[in-house]
Amino acid sequence: MADSNDRTQAGVRADLKELIALRAQARRLDLAPRGRVLATRSGGHLSRFRGRGMEFDESRVYLPGDDPRNMDWRVTARAGTPHVKLFREERERPVWLLVDQGPSMRFGTRVAFKSVVAARAAALLGWAAVDRGDRVGGLVFDEARHLERRPAARGAGLLSLLERLAAPVEPAMGEGGWSSLAAAASHLAALVRPGSLIALVSDFADLDEPGGAWIARLAASSELLLVLVHDPIEASAPPAGRYPVLMGGRRGILDLTGAGSQTRYQAAFEKRLALLERLARLHGAHWLRLSAVDPVGPALALALGARRVLPTARRVS
């Protein structure tokens, strides 16, 4: 990171005025459903955008052929006969932003912390959803605290999240936050209604195969967008040496002088990337990656705009 105090502060902590001003750039982002799509920002994934959300309307007696996943167990227990929930389409799609601001996100070698890039990406996605008429809410968390806002119209829910993203990191107090992405995502899964769009912005530092079950839960009935934020040194290890870095708000040294240390360091990122892609494909999620050195607005516009309708595969007889 640069030695200049102004530059360091700009790269270490998001600025609320900047996050609000990103609304102008957000108009270039395309969040419209387009059926099966492909994003191509250093890798992409096929997914089916489900469009607007569904809101509970009423319950009625179960009929043969009804989806058992829509069983209304409370009414069933009260009435003594099976009932199912009926839903109606919402005019405003609920959009949830899950933004990781944990210790591994407060890391940077050039330009900005990953946490700052995540804040900018979340602001852009949130403003794009607001301009589409969707309701935006979400969950911002670190190891000490979290802020949760239900989706609200006209940017009311988004502004609270942006204020939290621009707030200074408080000392860990041992409660109120989550130490893992899996814990925060599992909490969110209990809040999201079917038909929502969920944008999860993180470096996925603690992602592992067994812990990836939350991806299946979030993607089961909603559209899931996974945004991987990384520092350039993670994707391409520099020559052997000792490098000054900022992590968790403190200066430190990244030691890549040991035998094979560069290979192991880069392999760890490639393994994480491959796992994220595999889990996204398995559960029908859409994913993309952002480098901390790239301007976030153009990078997101490229990733979300480079989508095309795919031809239907032919059956071989």
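1. Basis. Residue numbers start from 1 along each chain as its sequence is written. In this predicted model, local features need pLDDT of at least 70 and side-chain atom pairs count only at pLDDT 80 or more, while totals for chains, interfaces and linings use all residues; side-chain values use heavy atoms, with hydrogens and water left out.

2. Overall make-up. The protein chain has 11 helices and 13 strands (DSSP runs numbered from the N terminus: helices are H or I with at least four residues, strands E with at least two). Of its 317 residues, 47% are buried (under 20% relative accessible area; exposed is over 50% and partly exposed in between, with a 1.4 Å probe and protein chains only). Among contacts with a separation of 6 or more, 74% are between residues 24 or more positions apart (contact: heavy atoms within 4.5 Å).

3. Helices H5 and H6. H5 (residues 114-131) packs with H6 at an angle of about 170 degrees, the axes being 11 Å apart (axes are lines fitted to C-alpha atoms, for helices over the stretch in contact; angles run from 0 to 180 degrees between N-to-C directions). The two helices are therefore roughly antiparallel (over 145 degrees; under 35 is roughly parallel, 65 to 115 roughly perpendicular and the rest oblique). H5 contributes Ala119, Ala122, Ala123, Gly126, Trp127 and Val130 to the contact, and H6 contributes Leu158, Leu159, Leu162 and Leu165. These residues divide into 9 nonpolar, 1 polar and no charged (nonpolar: Ala, Val, Leu, Ile, Met, Phe, Trp, Tyr, Cys and Pro; charged: Asp, Glu, Lys and Arg; polar: the others, Gly among them).

4. Strand E13. In E13 (residues 286-291), 6 of the 6 residues are buried, so the strand is largely enclosed by the rest of the structure. His286, Leu288 and Leu290 point one way, and Trp287, Arg289 and Ser291 the other way. E13 pairs with strand E10 (residues 223-230) in the parallel sense over 6 bridges (pairing requires at least two DSSP bridges). Ser291 of E13 is the bridge partner of His230.

5. Aromatic pair. The structure holds 1 aromatic pair (ring centres of Phe, Tyr and Trp, the last by its six-membered ring, within 6.5 Å; planes under 30 degrees apart are stacked, over 60 edge-to-face and the rest tilted). Phe141 and Trp178 form this edge-to-face pair, at 6.2 Å centre to centre and 75 degrees between the planes. The pair links distant parts of the chain, 37 residues apart: Phe141 lies in strand E7 (residues 135-141), and Trp178 in the loop between helix H6 (156-166) and helix H7 (181-189). Phe141 counts as buried at 2% relative accessibility, and Trp178 counts as buried at 17%.
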